[in-house]
Amino acid sequence: MKTIEAIKTRRSINFFDSTKSITKEEAGHLVELASLSPSSFNLQPWEVIAVLDPSRKKILRGCAFNQPKVEEASVTFIIIANPGAVEQNIDTILAKQVEAGTLKKEHVESTKKMPFKMYQEKESLTRKIFAVKNASLFAMTLMLAAKGLGLESHPMDGFDSDRVKKEFNIPEEMIVPMIVAVGYASPELKLQSRAYRRPVSEVLRFDSF
Ligand SMILES: Cc1cc2nc3c(=O)[nH]c(=O)nc-3n(C[C@H](O)[C@H](O)[C@H](O)COP(=O)(O)O)c2cc1C
């Protein structure tokens with residue numbers, strides 16, 4: 001599917017075909033594609049749980065104000081933003097750059113200081129924003145990848161974050177910006193017309209706010 005077509009035809013699907021499942025490999029393929037998203041310093045501050053097991057989906061639905069799509073979708077992904085990804089991932093990322101010949105060994109230490117300076121300490125708001133913005137790009141790529149593979153999706157932030165963290169053993173310091181249901185549209189689905197979009201003339205300014 002062409003990119004523009006995927007963007008134009010992606011919709012938040014409320015009714016999934018609950019008889020259809022996807023495999024762990026298919027869920028992995030979606031995550032592999034979503035991992036190609038850009039990220040600050042390539043730090044990839046995202047983690048993801050693919051909830052495939054019907055009993056686990058039921059629990060997640062309970063955490064998400066009982067939204068049926070959480071359970072009816074073939075898989076619901078819990079998107080996790082990790083503010084600690086700077087400390088966690090920086091050494092590997094820089095080592096891979098050295099390995100690839102895109103960073104000189106002698107520049108590693110000075111390059112390493114940059115994200116710490118920019119994104120401050122782990123507990124700061126700046127750090128949380130860093131993690132959430134990158135994880136949200138990951139989620140968007142996942143939804144477009146789903147469309148490209150003939151699947152539908154639905155992002156949600158209507159859930160009790162503390163409960164999701166507790167039920168799914170997500171470390172306290174991590175943030176759950178959204179969950180994303182992915183699967184096949186129910187054959188009974190009558191898609192409503194596309195929700196209103198603010199016109200470009202209202203959204204877009206040139207050169208200054
Ligand atoms: C971060 C985020 C959270 C959302 N949370 C919910 C939700 O909890 N429940 C729901 O029914 N829709 C939710 N939506 C879907 C929006 O209502 C939907 O994207 C919007 O109405 C535009 O429709 P479209 O996606 O079909 O273009 C969410 C969307 C986003 C991006």
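**Around the ligand**

Visitor: Which residues are around the ligand?
Guide: They are Arg-10, Arg-11, Ser-12, Gln-67, Lys-69, His-154, Pro-155, Met-156, Asp-157, Gly-158, Arg-194 and Arg-197. Keep in mind that this is a predicted model.

Visitor: How many of the shell residues are nonpolar, polar or charged?
Guide: Six are charged, four are polar and two are nonpolar.

Visitor: Which element gives the largest share of the shell?
Guide: Strand β3, residues 152–156. Three residues of the shell come from that strand.

Visitor: What lies 2.6 Å from an oxygen atom of the ligand?
Guide: A polar side-chain atom of Ser-12.

Visitor: And which side chain has an N or O atom 2.9 Å from a nitrogen atom of the ligand?
Guide: That side chain belongs to Gln-67. Arg-197 also takes part: an N or O atom of its side chain is 2.7 Å from a ligand oxygen.

Visitor: How much of the ligand does the protein bury?
Guide: The protein buries 64% of the 620 Å² that the ligand exposes when taken alone.

Visitor: New topic. How many helices and strands does the chain have?
Guide: Nine helices and four strands. Along the sequence the pattern reads α-α-β-α-α-β-α-α-α-β-α-β-α.

Visitor: What box do the C-alpha atoms fill?
Guide: Roughly 60 × 45 × 30 Å, along the principal axes.

Visitor: Back to helices. At what angle do α2 and α7 cross?
Guide: Roughly 125 degrees. The axes of α2 (residues 24–34) and α7 (residues 125–148) come within 8 Å.

Visitor: Why are they called oblique?
Guide: Angles of 65 to 115 degrees count as roughly perpendicular and those over 145 as roughly antiparallel. The α2 and α7 axes cross at roughly 125 degrees, so the two helices are oblique to each other.

Visitor: Is the crossing left-handed or right-handed?
Guide: Right-handed, as α2 passes α7.

Notes. Residues numbered from 1 in each chain as written. Predicted model: local features only at pLDDT ≥ 70, side-chain atom pairs only at ≥ 80, totals over all residues. Heavy atoms only, no water. Near = heavy atom within 4 Å. Polar contact = N/O pair within 3.5 Å; in protein donor to acceptor, adjacent residues only side chain to side chain. Areas by Shrake-Rupley, 256 points an atom, 1.4 Å probe, with all protein chains shown as cover. Nonpolar A, V, L, I, M, F, W, Y, C, P; charged D, E, K, R; others polar. Axes fitted to C-alpha atoms, helices over the stretch in contact; angles between N-to-C directions. Parallel < 35°, antiparallel > 145°, perpendicular 65-115°, else oblique. Left-handed = near helix turned anticlockwise from the far one by under 90°.
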